[in-house]
Amino acid sequence: MSAPHVRRAGVTGIGVVAPNGTSTDTFWKATQAGVSVLDRVTREGCEHLPMRVAGEVRSFEPAAAIEERLLVQTDRFSHFAMAAADLALQDARLGQSDLGGSPFAAGVVTAAGSGGGEFGQRELQRLWGKGSRFVGPYQSIAWFYAASTGQISIRRGFKGPCSVVAADEAGGLDALAHAARTVGRGTDVMVAGSTEAPLAPYSGVCQLGYEELSTAEDPVRAYRPFTADACGFVPAEGGAMLVVEEVGSARERGVPVRAVLAGHAATFTGASRWEESREGLVHAIRGALGEARCAPEEIDVVFADALGVPAADRAEALAIADVFGAHGRRVPVTAPKTGVGRGYCAAPVLDTAAAVFAMEHGLIPPTPNVFDICHDLDLVTVRARAAELRTVLVLSRGLMGSNSALVLRHGAGDASW
Amino acid sequence: MSDRITVEELAELMKTAAGVTVAPQDLEQRYDSGFDAFGIDSLGLLGIVGELENRHGTPMPPDAERCKTPRQFLDLVNTTLMAGA
């Protein structure tokens, strides 16, 4: 990717609406401090479900962030997405006038796991409770997993390539990679990422079928990957949107490139076949390293998928050992998502946001609530670890069998490769 | 419920069905502005028509959701309601 004519994609803006913060400042402060905000599920209609613990976004006021006209026609997952996109664009100092007069210079790509379940449930209850004439017309668009991409595109007037990745949880990383490739093909700016809103009754019931879901009652013990107490994962809502921009375009605008999306690869090894995910992750990691022209020893930290299911944790630890060498150099591994939960497609996007902050601050955030690692991993726990971070690997797996790996390089001095 | 629909009721429907807040007096002054100028798209108008049909228990003509302005809309809807009464 070092040829001069190659258009490279960097991160120039980050917008976060997460359980541990609805601004990048609060998100990073909580993340680097290892604060866990996992708590009992309190969203209406969910209290009785055996899904006891989750990462809820409690400090988000949709009406303060989104026009009422759009609130009535969209689900909570799109509220998060529009708000996060606004924050990311503001962070990137990117307004309509910065697109060189062409709305086709900017596009949107999101990943979605469940779409607008809460909105859809309300309208379907009207359908069966009162009749078809009582279903609002916005049901036709609000539940759809493509809704957030469409609403961001319309609201911000972005007419460039727009798409949605439906590829399981790992789709969050695939969406960022898709954005980078779209930039490579000629679009200057992509708003890319994922937000999810799975904490609603219908969506909650859908998740009860996942054998990997934690049903533990105690927020401190509910999500403990890589330990002997691992009992599944805890879901979360919210997410992040990034501004992925052509490096030259960012330089022209005088905006810092905070990280370069250097390499990505994805594989598929089948639903809940965790033992096989080892090989899938290895291939994804090697593919991402290859695209980034990055040697394994250049990776300074791994943001793990950390599912919290013993077989899956073992597969991930072994995959990391396969690539980086079991007894050779020990690469630090972290999983800050144990403090906020897994927001499905949004989880690896939040990890990517945290990875950019980690590189900027020279600090590996810890893995909250996790002690006594039972795998051969240098997992960062309890408190953040200072380290010079030039290159980061983010991993993600989905319950349906997708595996994905993304390599990010620190933005500063990126001309050298 | 086959009374005429007032400008107040239309303003209220615009808020509940389409999330657009406009005072009845303002709506009256902008009678001939397009619904799009108020921020109401075709699905929003469709929602207003559906809600009116449910409230008044009578179907509206297909043209109702194609009306461009509040004046056109109220004229057509009220003509329909008067005819049905």
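Q: Among contacts in chain B between residues at least 6 apart in sequence, what percentage join residues at least 24 apart?
A: Two residues are in contact if their C-beta atoms, placed from the backbone, lie within 7 Å. In chain B, 54% of the contacts between residues at least 6 apart in sequence link residues at least 24 apart. Please keep in mind that this is a predicted model, where local features need pLDDT of at least 70 and side-chain atom pairs count only at pLDDT 80 or more, while totals for chains, interfaces and linings use all residues. Residues are numbered from 1 along each chain as its sequence is written, chains are lettered from A and ligands numbered from 1 in the order in which they are written.

Q: How many helices and strands does chain B have?
A: Helices (H or I, at least four residues) and strands (E, at least two) are DSSP runs, numbered from the N terminus. Chain B has five helices and zero strands, so its elements read α-α-α-α-α from the N terminus on. UniProt, in an unreviewed entry, places "domain: Carrier" at residues 4–81 of chain B; such positions follow the numbering used here, feature names are shortened, and annotations may be inferred rather than shown by experiment. That stretch of chain B is 63% helix and 0% strand, with its end C-alpha atoms 7 Å apart.

Q: What radius of gyration does chain B have, beside that of a compact globule?
A: The radius is taken over C-alpha atoms, and the globule rule is 2.2 Å times the number of residues to the power 0.38. For 85 residues a compact globule would come out near 12 Å, and chain B agrees, with 12 Å. Its C-alpha trace spans about 30 × 25 × 20 Å along the principal axes.

Q: Which domains make up chain A, and where do they lie?
A: Domain bounds come from an automatic or database domain assignment. Chain A is divided into domain 1 (9–253) and domain 2 (262–411). Their centres, taken over C-alpha atoms, are 21 Å apart. The contact between them takes 59 residues from each of the two domains. On the domain 1 side, helix 8 of chain A gives the most, with six residues.

Q: Which residues have the most contacts inside the largest nonpolar core?
A: A residue is buried if 20 or more other C-beta atoms lie within 10 Å of its own, exposed if 12 or fewer, and partly exposed in between, with C-beta atoms placed from the backbone. A nonpolar core is a set of buried Ala, Val, Leu, Ile, Met, Phe, Trp, Tyr and Cys residues joined through C-beta atoms within 7 Å. Here the largest core has 132 residues, and A:Leu176 and A:Val244 have the most contacts inside it. Beyond its neighbours within four places in sequence, A:Leu176 touches several residues, including A:Val244, A:Val349 and A:Leu406. A second, separate core of 16 residues includes B:Leu13, B:Ala17, B:Phe35 and B:Phe73.

Q: Is A:Asn369 buried or exposed?
A: A:Asn369 is buried, because 22 other C-beta atoms lie within 10 Å. A:Asn369 sits in the loop between strand 11 (363–364) and strand 12 (378–379) of chain A. Leaving aside neighbours within four places in sequence, its contacts are A:Ser36, A:Val220, A:Tyr223, A:Arg224 and A:Thr338.

Q: How many residues does each chain bring to the contact of chain A with chain B?
A: Chain A brings 10 residues and chain B brings 11.
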